[in-house]
Structure formats: structure tokens, C-alpha cells
Amino acid sequence: MHNEHSPDAAVAGPTSAITELLARFEAGQRTALARAISIVENQRPGFRELLRALHPRIGHAHRIGITGPPGAGKSTLTAALARHFRARGERVGIVAVDPTSPFTGGALLGDRIRMNEIGMDEGVFIRSMATRGSLGGLALTTREIADVMDAFGFDRVIIETVGVGQSELDIARSADSTLVVLVPESGDGIQAMKAGLMEVADLFAINKSDRPGADRLAREVAMMLHLRAGEALRDVPAHHGVDMKRAARRISGATHRARRMEEAGRQGRQAEPTPAVTRPDGPDGPDGPQPLSWEIPVLQTIADQEKGVAELADALDRHRAWLRESGELLERRRTRVADRVRDEVHRMLDRQVWQERGGEAILESSLDALVAGAETPYDVAARIVRAAGGNATDAPG
Ligand SMILES: Nc1nc2c(ncn2[C@@H]2O[C@H](COP(=O)(O)OP(=O)(O)OP(=O)(O)O)[C@@H](O)[C@H]2O)c(=O)[nH]1
Ligand SMILES: [Mg+2]
């Protein structure tokens, strides 16, 4: 499908406006960063040129996704972590995906105030994104903004999203390290499991541990990880070798961890945080390759008192070290870049089919006939695909 409006026109080189912006961006000007993010977020002209030019600069930042139920303390924890990283001389970018639902909208102002404090710091940059009206799809746009921050040279890029809904979970999943924040009053671990939070977590923080029930929730989550690890390992189908082995490696550590926490629980004390990077004797034996397994830690925090934050930051560092040593970082980045190509193809085709090749108009003019039953969705779809220059034969798949 050739197209004179091809986005590849930019291959010839960035336009002068983008070139100028890039020069300011590379010089580290915050106004250039803000402008670049706006261009990407709103898909303004030149956003692809910009992303293309920045692509070689990404890969330095540790991307941390923070997710969990509304009001769990994600923003408070994000701000506390940012302060902690800053104290170590690191620079931190924050993407806060603003909740727009009515019952969380009230927390927004609080977020802003807390965030503004750290936002005064030159080494911190905060960008809030609305969850509605994102042109390129929320998950894709958020990832692209994280890319821009990464390219700017931040050491950490923290992405905060509310852990409800598929697209929010997709965002959390696209980080290097995903932290799930739960609170005693958010019910139980089963609730988290239902919401799909268990699947995305590399680390758990039981926040508001100043409230009753925190120990119990921590043990429950650890138990659940333990059970899930057992099930996942039992269900590994042989032909799923690579992927399932990876999944198993990621969660098998949870088993040991859960046992320790159960023990600790029975003895009425809190489990000590243990080093999460371990070298278990794998099935390959001592001479074979030694897979590193990651024990999903369940940490307790009191974000508004900055308690447990240093331990959490350490756990995040251990996770990053594990990602690098185990080869998982490379794997995740391969997956991420493959997804990016798919997303981009999707976005390009979508625009061509629906806008540039008149798909939207064909659909609009066929609606009456469709509703009256004079045409079928399959005929109309085929016409749209043919109009876009595609092949609409009835091939399988
Ligand atoms: N008691 C207690 N309160 C906390 C703790 N951490 C945060 N809070 C309070 O909990 C409320 C919600 O905190 P936020 O950080 O806005 O929570 P959030 O998860 O970002 O909320 P949304 O983004 O709206 O989903 C605020 O009033 C915080 O001050 C904690 O550890 N203990
Ligand atoms: Mg928040």
C-alpha cells in the first residue's frame, strides 16, 4: 500500500522546527522537554520525526510503573520515592495518568499539591495525562511520553496509574519494574487478584501500614503468590517452553518468599525483607546455566511518613539488577519494541484506512443499508479495505 502522505516523508530529515526543538532538548532545556511531550501527547505535526530522532537516546532510565486501587497512596509513594532518588543525586521523571472517574477526581487536587512540592526541584519533571481523549490510545501515548523522558536523561521514570481497567494495566505492564500498591482497607488479596493486579506485579507495597490489617494482608498476598506460583508451574505446557519458563522463573521465587512470610506470621512477627535476587539450584544442575529467579517482595510502607520507602527503593534496585543479570531486561525490551512496531503499524493503517482512503465516509454512507439488512458488515468492511488498496479476498484468518 503506497501512499504519498506516508509518514516516512520524515526519513528525509527532521523539519527545521523539530531540529531546533531537538537542539534545545539535547541541551537539557526543560521547556523543550515540555514542548516535546506536548507534541507527542497531542500527535502534533512532526511527532514521529521527534520520536524517531529521540529513539537512539532511550534505554538509560529505569521505568517504574506504580499501580493499585484508587486512593491507595500511589501519588504519595511516588513523591516519597522521587525524594529518595533525588537525595541520591538521581533525576526523576514522573508521568501521572490522572484518574477521571468521579470517585477519584477529588484526590486530584491533593496529588497536585504533593506533587508540586517535588515539582519545584530542577531534577524532577512531572507530567499529568488525562485518561480521556488520548488520540493515539492511552497506553501507547503514555509509553511514548516515558520514551521522551528517558531520552531527556532521567535516571528513573515513574509512571503512576490507577489499577482499574485494561489500558491502565497495559501501562503498568510496559514498565521495567511494576509496583502494585495495596492498602488494608482495599479488602483482601483476592480483590487484587480479580483486578488482574497479581499478574502485573514485580513488587508489592502494602501501604497505610499504620492501619490495622496490614500484616494480615501482606501474608495473604504472599500466600496468593505462593499458590499461583504452584499452579503456573504445574500447568506449563511443553510447547510453550520459552514463554512459560520465563513466567515460571519470574514467579517461582514467590513460593519461598510466601513460606517465609507464613512462618513469620505464625510466630507473630513481620517477615524480614530478604534479598530478592537468588540463585536457586535450577533443574539444569550446578553445571548448567543458572537461571536467576525473582522473589516478588511484599513490603510494608507508610508513604505519608516516608516509612519503608528506603527499603522499597532498595527492592526496586534489586529488581533492576535482577532484570539485567537474568536477561529479563533484554526480553522485556524486545517485547516492548515489538509491541511498539505493532502499535505503530496499527496507528498508521488506521489513519490511512479510515481517514485518508475514505473508510469513514464509506461506513457512514452504508449505515442505512446495513441497518435495513440490505448489506452485511462483511461486504462493507471488504469495500473499505479495497478502497484502502488492500486485498479483501476471503482468505482464512
Ligand atoms: N494513613 C495513611 N494515609 C496515607 C498513607 N499514604 C497516603 N495516605 C493518604 O491517603 C490519601 C490518598 O493518597 P494518594 O497518594 O492521593 O493516593 P493515590 O493512590 O495516588 O490516589 P488516586 O491517584 O486518586 O488513585 C491521601 O490523603 C494521603 O495523604 C499512609 O501510609 N497512611
Ligand atoms: Mg494519585
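1. A friendly place to start is E306, which sits in the loop between β9 (298-300) and α12; helices (H or I, at least four residues) and strands (E, at least two) are DSSP runs, numbered from the N terminus. E306 is not a glycine, yet has a positive phi of about 55°. With a relative accessibility of 38%, E306 counts as partly exposed, a class that falls between buried (under 20% relative accessible area) and exposed (over 50%), using a 1.4 Å probe and protein chains only.

2. Before going on, please keep in mind that this is a predicted model, in which local features need pLDDT of at least 70 and side-chain atom pairs count only at pLDDT 80 or more, while totals for chains, interfaces and linings use all residues. Residues are numbered from 1 along each chain as its sequence is written, chains are lettered from A and ligands numbered from 1 in the order in which they are written, and side-chain values use heavy atoms, leaving out hydrogens and water.

3. Q43 also deserves a look: a positive phi of about 50° is found there although Q43 is not a glycine. Q43 belongs to the loop between α2 (30-41) and α3 (47-54), and is partly exposed, at a relative accessible area of 22%.

4. Now for the rings. The whole structure holds 3 aromatic pairs, where rings of Phe, Tyr and Trp (its six-membered ring) pair if their centres lie within 6.5 Å, with planes under 30 degrees apart called stacked, over 60 edge-to-face and the rest tilted. F152 and F154 make a tilted pair, because their ring centres are 5.6 Å apart and their planes stand at 40°. Both F152 and F154 are buried.

5. W294 and W322 are another tilted pair, with 5.9 Å from centre to centre and 35° between the planes. Since W294 is in strand β8 (residues 293-294) and W322 in helix α12 (residues 309-326), the pair ties together parts 28 residues apart in sequence. W294 and W322 are both buried.

6. Back to the phenylalanines: F25, F152 and F154 form one aromatic cluster. R91 lies over the face of F154, 5.2 Å from the ring centre; the criterion is NZ of Lys or CZ of Arg within 6 Å of the ring centre and within 35 degrees of the ring normal.

7. Finally, the surface. Which residues make the nonpolar surface patch of about 240 Å²? They are V341, V345 and L349. V345 is part of helix α13 (residues 328-356) and is partly exposed, at 42% relative accessibility. Patch residues have over 30% relative accessible area and no salt bridge, with like charges joined within 9 Å and nonpolar side chains (Val, Leu, Ile, Met, Phe, Trp, Tyr) within 5 Å. A salt bridge is a side-chain nitrogen of Lys or Arg within 4 Å of a carboxyl oxygen of Asp or Glu. Accessible areas come from the Shrake-Rupley method with a 1.4 Å probe, and for residues only the protein chains shown count as cover.
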